[in-house]
Amino acid sequence: MKKLMFVAVMAIVAAGFTACGNSAPKASLKTDVDTMSYAIGMAQTQGLREYLVSSLGVDTAYMGEFIKGLNEGVNAGDNAKKAAYYAGIQIGQQISNRMVKGINREVFGDDSTKTISLKNFMAAFISGTTGKKALMTVEEAQQLAQQKMQEIKAREMMKTYGPNKEAGEKFLKENATKEGVKTLANGIQYKVLTEGKGAVPADTSLVKVNYEGRLIDGTVFDSSYKRNEPAVFRANQVIKGWTEALCHMPAGSVWEVYIPQDMAYGEREQGDIKPFSVLIFKIELLEANTKR
């Protein structure tokens with residue numbers, strides 16, 4: 001018998017008993033249907049306790065309250081009013097236990113002292129759900145939410161990593177005055193170590209490169225040389241700073257490229273690369289328009 005059939009049978013069996021509070025009905029296995037019903041009920045609990053804890057955030061110290069709610073839900077039957085109420089509780093708990101926590105983590109990182117406004121969140125959520133007058137449309141809200149999240153995240157990141165940004169700006173300003181360093185229109189700096197004579201890639205060209213990436217303090221965070229394996233990809237499949245540099249390099253060239261943070265990962269953290277980091281790459285363009 002499939003699990004889906006178990007659930008259907010349970011719904012029928014459930015109509016045959018009532019339970020109050022957090023108590024459980026006393027089993028009485030007098031007939032085959034009694035025994036089957038009990039067995040199905042037990043079978044359906046496989047992994048349930050773990051699911052309640054890990055997915056629904058239920059504290060096992062309050063299992064009595066869970067049983068109380070379970071009994072009420074089972075005995076609600078087809079009561080549309082109660083069904084709507086229980087649906088509201090379920091979604092409300094998901095908002096509290098998952099959605100709000102996830103949004104806070106996305107916007108404020110590990111700072112547990114900050115949170116979105118639950119009052120304003122719920123004002124909008126209820127307006128959108130009931131169709132009553134709201135301050136903006138869903139489409140407007142989606143765009144505005146994304147915009148504001150980015151702005152707030154950037155401000156929060158600046159509080160923590162502002163000095164990193166300042167250090168990068170100072171480095172680029174000083175580096176621009178060094179012998180052999182040239183600057184592209186978008187602020188990317190480079191120094192030619194070896195001048196190539198081959199084709200200059202377009203942004204859609206397939207390229208084959210060796211490279212080493214490091215931070216301004218000298219920390220190496222990635223290297224194809226260490227892996228002894230050149231990388232092959234399209235020039236537009238990497239950070240903007242890479243794409244811009246590659247589209248100015250003749251094949252056979254070796255450049256040292258200095259990429260401003262806004263042409264790299266910006267406020268994002270990538271492994272050893274902290275937000276607002278200037279990146280330095282030695283890029284050896286082995287081939288352009290290479291076919292796999």
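Which helices each supply at least two residues of the lining of the second largest pocket? In this predicted model, they are helix 5 (80-108), helix 6 (118-130) and helix 7 (138-175). Helix 7 also contains a kink of about 75° at Tyr161.

- The volume of the second largest pocket is about 1,100 Å³.
- Its lining consists of 26 residues, and those nearest the centre of the pocket are Asn120, Phe121, Ala124, Ala141 and Ala145.
- Helix 7 provides the largest share of this lining, with eight residues.
- By residue class, the lining comprises 18 nonpolar, six polar and two charged residues.

**Helix 7**

- Helix 7 is made up of 38 residues, yet its end C-alpha atoms are only 47 Å apart.
- A straight helix would reach 56 Å at 1.5 Å a residue, and helix 7 falls short of that span.
- The kink at Tyr161 lies shortly before the proline Pro163.
- Tyr161 is itself among the buried residues of helix 7, as are Lys153, Glu156, Gly162, Gly168, Phe171, Leu172 and Asn175.
- The elements that cover these buried residues include helix 5, strand 1 (181-183), strand 2 (189-194), strand 6 (254-259) and strand 7 (279-288).

- Helix 4 (residues 63-75) has 13 residues, which should span 18 Å at 1.5 Å a residue; its end C-alpha atoms are 18 Å apart, so the two values agree.

**Gln261**

- Gln261 is situated in the loop between strand 6 and strand 7.
- When neighbours within four places in sequence are left aside, the residues in contact with Gln261 are Lys165, Gly266, Phe276, Ser277 and Val278.

**Ser224**

- Ser224 belongs to helix 8 (residues 224-227).
- Ser224 and Glu212 are 12 residues apart along the chain, and their C-alpha atoms are separated by 6.5 Å.
- Beyond its neighbours within four places in sequence, Ser224 is in contact with Val209, Asn210, Tyr211 and Glu229.

Key:
Residues numbered from 1 in each chain as written. Predicted model: local features only at pLDDT ≥ 70, side-chain atom pairs only at ≥ 80, totals over all residues. Heavy atoms only, no water. 1 Å grid on protein atoms, 1.4 Å probe; cavity = no way out; pocket = protein on both sides within 12 Å on 5 of 7 lines; lining within 4 Å. Points joined across faces, edges and corners; volume = space filled by probe spheres on them. Helix = DSSP H or I, 4+ residues; strand = E, 2+ residues; numbered from the N terminus. Nonpolar A, V, L, I, M, F, W, Y, C, P; charged D, E, K, R; others polar. Expected span 1.5 Å × (residues − 1). Bend = angle between axes of the 7 residues up to and from the residue. Buried < 20%, exposed > 50% of the residue type's maximum accessible area, 1.4 Å probe, protein only. Contact = heavy atoms within 4.5 Å.
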